[in-house]
Amino acid sequence: MLSPALLVRDVRKVFRKRSSEQWALKGVSFSVANGETYGLLGPNGSGKSTLIRILSTLLLPDGGEIEVLGYRLPEREREVRQNIGRVSVDAAFYKKLSARENLVYSALLYGIDQRTAERKSLDILAGLGFPSARFNDPLEEMSRGTQQKISIARALLVDPPVLLLDEPTTGLDPQSKRDVQEFIEDLRRRKGTTVLLTTHDMAEAERLCDRLGLLAHGRLVAEGTANEIKEAAGTEGLEDAFLKLSGEAFEKEEAEA
Amino acid sequence: MNGLRQMRGFMYRDHQLTKRYWSWVVVFAFYALVNSATVALIGVASKDLRLTLNLTLGAVLWSFLSVLFNEIAMSIAFERWEGTLEYTFMAPVSRLVHLMGVSSYALLYSMVRAVVVLAGLFLFLDLSLRGANLLGIVLVLMVSSVAFVGLGLIAAILPVMSPERGAEATNIFQGILLLVSGIYYPVSVLPKWIQPFSVLSPATYALRASRKLLGVEGPVGAGHPLQGSSITAVLPDLLILAGMGLAFVPLGLWIFGRVEEWAKRAGKLKRTG
């Protein structure tokens, strides 16, 4: 059997502040197959971003095992970094610099030369509906939706086999949201990229993801296809299933406490 | 090959940022020039050429070393302010290449700034540097800059440890260097309890060597050329500076690595801290 693109096994993370401690992840396990799009759903504070940051090598877990394309973290951090692209909810850029300058800088860090970076950036941005005439405009003059498209271009410049998308369409206008969603679908079709997507948008999750995991209070409370989750919850919609299943988890935790 | 391209990435970024913030670059250079001139003019007002030369040397050296230190020490704080910290730290770049890239640009930038300040000072001062060992001073600056890069790397951990207080602490660190290094005065005038700290600052040795090379410790008078020392006369200071560079750079990288690991465990490696 082929090893999965992402393997997360019993991962735990606690944040300690003076006398208190807050568990962000309480033993989360799941795997994502090569070429699969896996959606992580959960309310704010459920641990989604913590998990993405652990997979991005920005955070060390307190327990459990993680492998990305067979590379174990944190030991093979360098290889993992070379093979992942990330888009976060905030398009983090040097706002005074242009799209070209931001993307060239990022590409150089990944060992891509300037000319190749400029050509690839324009290709990717064209696929996202970004007008090439704005390539040299400072980011600060662009809308959030446009900045997010540049953020996606940055993540894809290195053709990463694994893409971590942390709420990539949150706050985007409907057209930008559609552009981004279509691009993700197209990417998967053309390149077979493995995608881990976190989102609050149930329709987006149903549309883009092969399987979903529901995260609540640091635990994975349900996993399966959208239909399997709806069936397990006995609801017609994914949103109702989400509320029902995560609500059960809260009750369970309160009972444990 | 990849390491060089990655280093170029940091230099490319910092160069583009310098161009975009050009008006602030001009403002800071102007302020540094005026500040240096006001200090040097104290010597002119005293009709004391030796004092004028000492103050001018101190102002130019500090202009160079402080900018070099500050650019490196504040590099992490700048990343956090821009919101790009996470993307830089998740790139497949070794910390050595990352920090060397930042330091290389900082070195070039601070050299240009120091030359601008020195050239500007000649608009205010009627000085002749005939007889001074200027090449020797450049050599001392180059050697001391390695030690300052190391100090910058050590100070750069502060904004990693505390997003709120780190940048403030970095400025305190720089202030202490200015105080103990005898930039504008001999270390001997400092209170006795502070003087031992001066041996830890590379600027102390850079200043001492540069004063000898400039010739301000010999006979100084209008119309007479300066009697700058030869390099051999400042060899002990150069060796101390080289030793500091050899010790501070690896030490800074090692400390940075340990603090980065701690930050990844504590969840501090993020744009908002």
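# Reading Strands, Helices and Contacts

Q: In which sense do strand E9 (residues 211-216) of chain A and E10(A) pair, and over how many bridges?

A: Two strands pair if DSSP finds at least two bridges between them; helices (H or I, at least four residues) and strands (E, at least two) are DSSP runs, numbered from the N terminus. Here E9(A) and E10(A) are joined in the antiparallel sense by 5 bridges. Residues are numbered from 1 along each chain as its sequence is written, while chains are lettered from A and ligands numbered from 1 in the order in which they are written. The model is predicted: local features need pLDDT of at least 70, side-chain atom pairs count only at pLDDT 80 or more, and totals for chains, interfaces and linings use all residues.

Q: What is the strand order of the open sheet of 6 strands in chain A, and which are its edge strands?

A: The order is E6-E7-E8-E3-E9-E10 in chain A, and the pairing is mixed. At the edges stand strand E6 (84-87) and strand E10 (219-224) of chain A, each of which pairs on one side only. On average, neighbouring strands of this sheet are turned by 15° against each other, direction ignored (axes are lines fitted to C-alpha atoms, for helices over the stretch in contact, and angles run from 0 to 180 degrees between N-to-C directions).

Q: Which helices of chain A pack on this sheet?

A: Two residues are in contact if their C-beta atoms, placed from the backbone, lie within 7 Å. Helix H5 (residues 144-156) of chain A packs on the sheet by touching E6 and strand E7 (162-166) of chain A, and its direction makes about 170° with that of E6(A). Helix H8 (residues 226-233) of chain A also packs on the sheet; it touches E9 and E10 of chain A, at about 115° to the direction of E10(A).

Q: What is the order of the open sheet of 4 strands, and why is one side of each edge strand left without a neighbour?

A: In a regular strand the side chains alternate between the two faces of the sheet. The order in this case is E2-E1-E4-E5 of chain A, with antiparallel pairing. Strand E2 (20-32) and E5 of chain A each have a single partner strand, so one side of each has no neighbour in the sheet. E1(A) and E2(A) share 10 bridges, and A:Phe15 has A:Gln22 as its bridge partner in E2(A). Helix H1 (residues 48-55) of chain A packs on this sheet, touching E1, E2 and E4 of chain A, with its direction at about 70° to that of E2(A).

Q: How many bridges join E1 to E4 of chain A, and which residues of chain A pair with A:Glu67?

A: Strand E1 (residues 6-17) and strand E4 (residues 63-68) of chain A run antiparallel and are joined by 5 bridges. A:Glu67 is the bridge partner of A:Leu7 and also that of A:Arg72 in E5(A). E4(A) pairs with strand E5 (residues 71-73) of chain A over 3 bridges, in the antiparallel sense. These two strands form a hairpin with 2 residues between them, and A:Leu69 in the turn has a positive phi of about 55°.

Q: At what angle do H3 and H7 of chain B pack, and is their crossing left-handed or right-handed?

A: A crossing is left-handed if the near helix is turned anticlockwise from the far one by less than a right angle, and right-handed if clockwise. Helix H3 (residues 49-73) of chain B packs against H7(B) at about 35°, with the axes 8 Å apart, and the crossing is right-handed. The contact includes B:Leu68 and B:Ile72 of H3(B) and B:Phe148 and B:Gly152 of H7(B).

Q: Is B:Ile76 buried or exposed?

A: A residue is buried if 20 or more other C-beta atoms lie within 10 Å of its own, exposed if 12 or fewer, and partly exposed in between, with C-beta atoms placed from the backbone. B:Ile76 is buried because 30 other C-beta atoms lie within 10 Å. B:Ile76 belongs to helix H4 (residues 75-82) of chain B. Not counting residues up to four places away in sequence, B:Ile76 touches B:Ala156, B:Pro159 and B:Val160.

Q: How many residues of chain B are in contact with chain A?

A: 27 residues of chain B contact 24 residues of chain A. H1(B) gives the most to this side of chain B, with 10 residues.
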